[in-house]
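Visitor: I would like a close look at one part, with the numbers attached.

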Amino acid sequence: MKRLAVLTLLMLLIVPGAALAQAQGLNFEGLLPSGEQTVTGRMVQLVVLITMLSVAPGLLMMVTCFTRFVIVLSLLRAGLGLQTTPANMILVSLALFMTFYVMAPTFDRAWQNGLKPFVENKITEQEAYVQITQPLREFMRANVRAKDLELFQDLAQERFGANPDDSEVELRVLIPAFMISELRRGFEMGFLVVLPFLVIDLIVATLTMSMGMMMLPPTVMSLPFKVLFFVLIDGWNLLIGGLVRSFP
């Protein structure tokens, strides 16, 4: 027993010492690609990259047409009076695929001019950032309202002292202006989509009241008519076509 205790004590003393010696002999420079930057700089870049990947869905909503699509589809479901049909996953998936369809030329330019050369080590990080954001910047400039852009330019001048005469608008000004423009257009189009269903609800409510059916909710009677109306006019085809064509 005494020998076993002594061996155990020796192992406890030797193993941490060996681990410490190995840790001291590690060369973290070899774990990172060679370049002009230090290990700390590469670590910071890695943290920033992981952070960007974690907020990628939010970035997709901010700088693409996803916001307009999902708002109109949600208002369509509300106008039909269907609470869970189509499901949220179906609406979001449809909005995502429509976003990829509309944004395909922009994404192709960002890949060919910025991301692909950067992966092949042909350009630096700064050049890749400019080349990747330039197509997105042009897309947002083509769809942002002038009134919204002026609002955030004035706020940036008041808060940050930005120069409103700059030919290239900063992303911190362009992105929020583009987002509220998309919100406005989404609600405008959603109102036009919901309006026919509102008329059907009013007609059905008037008929049920005139027939003395006070206890019957009008929405129960109007739901089949709204669904039938939407199917007969080929609503999905008209809606998706109008949404895609609303972007230049």
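Visitor: What does Glu138 count as, going by its relative accessibility?

Guide: Glu138 counts as partly exposed, because its relative accessibility is 37%. (Buried is under 20% relative accessible area, exposed over 50%, partly exposed in between, with a 1.4 Å probe and protein chains only.) First, the ground rules. This is a predicted model, in which local features need pLDDT of at least 70 and side-chain atom pairs 80 or more, while totals for chains, interfaces and linings use all residues. Residues are numbered from 1 along each chain as its sequence is written, and side-chain values use heavy atoms, without hydrogens or water.

Glu138 has a salt-bridge partner, Arg109. The closest N and O atoms of Arg109 and Glu138 are 2.7 Å apart. (A salt bridge needs a side-chain nitrogen of Lys or Arg within 4 Å of a carboxyl oxygen of Asp or Glu.) Arg109 sits in helix 6 and Glu138 in helix 7 (residues 125-143), so this pair ties together parts 29 residues apart in sequence. (Helices are DSSP runs of H or I, at least four residues, numbered from the N terminus.) Arg109 is also partly exposed, because its relative accessible area is 35%.

Now Thr106. It lies in helix 6 (residues 104-119). Thr106 counts as buried, at 11% relative accessibility. Its contacts, leaving aside neighbours within four places in sequence, are Pro135, Leu136 and Phe139. (Contact means heavy atoms within 4.5 Å.)

The whole structure holds seven salt bridges. One of them joins Glu182 and Arg68, with closest N and O atoms 2.7 Å apart. Glu182 is in helix 9 and Arg68 in helix 4, so that pair ties together parts 114 residues apart in sequence. Glu182 counts as buried, at 0% relative accessibility. Arg68 counts as buried too, at 2%. A network of salt bridges links Arg68, Glu182 and Arg185.

The contact between helix 4 and helix 9 includes these residues. Among those meeting are Thr67, Arg68 and Ile71 in helix 4, and Glu182, Leu183 and Arg185 in helix 9.

One more pair. Glu170 forms a salt bridge with Arg172. Their closest N and O atoms are 2.5 Å apart. Glu170 is partly exposed, with a relative accessible area of 35%. Arg172 is partly exposed as well, at 48%.

Notes
Helices (H or I, at least four residues) and strands (E, at least two) are DSSP runs, numbered from the N terminus.
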